[in-house]
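This report describes a protein chain in terms of its strands, core, surface and charged pairs. The sequence and structure come first.

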Amino acid sequence: SDAAAQIQQNALYSARWLDDGRLAVTTLRGGLFLLDTQGRLLRHLSHANGLRSDMLLGLLQGRHGGLWLATGNGIARIGVDAPLTVFDARTGLRGEVQALHRYAGALYAGTTEGLFRLRAGVDAGFEEISQAPAGNWDLATVDGDLLAAGDEGVVALHDDPAQHQLDATRIVSNKQLTLALQPSRFDPDRVFVGYANGFGALHHTPQGWIDEGRIPGIDEEIRT
C-alpha cells in the first residue's frame, strides 16, 4: 500500500495499537503515521506540519487518549485530532529523550541529561529528579519502585507520599553504563539489565535490592 511504502521509506521504528483501534507508527525520518485497521493512512504528522522533529523514539498513550512522543528534540503531546503540545528545554525538559514511563500517576522522561517528571496544571512543565543518574536510557517499575538505568548505573526510586518526595537507592555501581531494563515475566521481583558490555539481573527482596551480577559468556552491548 501507499502507506506501507511511505513508512518503509521513512525508516519504521515502532508501532502501537491505540484505544480507538487505530495503529500509530513512529519512524526515524518521517514522524508519525496513523492507520486504520485496514492499513489505510488516516493522518501523517511530521516536522513539516508541526512536530519538533521527524525522529520519533518512543510512544505512549495517555489516560485521556492523547499521545506522548519521544522525539529527537524533546517530548510532544498530541491530541490525535487536536493541536500539538510541545515540551522541551523551554519547559524544563533538557537533553535527548530516551525513555517515557508512567509511575505513581506521573509521567517521567529519561534523557541524556537526567530524569524529569511532568508537572501538570496551567503552567505544565518538567522538573528534574536530582536523585537519578545524570543520563537515563531506560525506566521500569518493579515492586513499587521506579528503576532508572543510565550512565551511572541503576537507581531505585520509591515514592514517599507522606514526605512528598522520592527516596533513592543505588543498586548498580556508578562505574557501569546501563542501557536497558526488562522486568521478568515469571518473577515479579526480578528485572534483567542490559549493559554496554553484558547482561545481568537484579532481585528485590524484603531487605532491599540485590545485584545478582552478570550472566557469563555475554559481553556485547544490550539495549533491548
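## The S9–S10 hairpin

Ala104 takes a positive phi near 50° in the hairpin of S9 and S10, which has two residues between the strands. Strands here are DSSP runs (E, at least two residues), numbered from the N terminus. S9 (residues 97-103) and S10 (residues 106-111) run antiparallel and are joined by six bridges, where pairing requires that DSSP finds at least two bridges between two strands. Leu100 stands opposite Ala109 in S10. Five of the seven residues of S9 are buried (under 20% relative accessible area; exposed is over 50%, partly exposed in between; 1.4 Å probe, protein chains only).

## Basis of the model

The model is predicted: local features need pLDDT of at least 70 and side-chain atom pairs count only at pLDDT 80 or more, while totals for chains, interfaces and linings use all residues. Residues are numbered from 1 along each chain as its sequence is written, and side-chain values use heavy atoms, with hydrogens and water left out.

## Nonpolar core

The largest nonpolar core has 14 residues, and among them Leu147, Val154, Ile171, Leu181, Val191, Leu202 and Trp209 touch the most other members. Such a core is a set of buried Ala, Val, Leu, Ile, Met, Phe, Trp, Tyr and Cys residues joined through side-chain atoms within 4.5 Å. Strands S13 (136-142), S14 (145-150), S15 (153-160) and S18 (190-195) each give two or more residues to this core; S18 gives the most, with three.

Beyond its neighbours within four places in sequence, Val154 is in contact (heavy atoms within 4.5 Å) with residues including Leu147, Ile171, Leu181, Val193 and Leu202.

## An exposed loop residue

Pro188 lies in the loop between strand S17 (178-183) and S18. Its relative accessible area is 60%, so Pro188 is exposed. Leaving aside neighbours within four places in sequence, Pro188 is in contact with Val142 and Asp143.

## Salt bridges

The whole structure holds eight salt bridges (a side-chain nitrogen of Lys or Arg within 4 Å of a carboxyl oxygen of Asp or Glu). In one of them, Arg40 pairs with Asp36, the closest N and O atoms being 2.8 Å apart. Arg40 counts as exposed at 52% relative accessibility, whereas Asp36 counts as buried at 15%.

Arg94 forms a salt bridge with Glu128, with the closest N and O atoms 3.1 Å apart. Arg94 lies in the loop between strand S8 (84-87) and S9 and Glu128 in strand S12 (residues 125-128), so the pair ties together parts 34 residues apart in sequence.

Notes:
Helix = DSSP H or I, 4+ residues; strand = E, 2+ residues; numbered from the N terminus.
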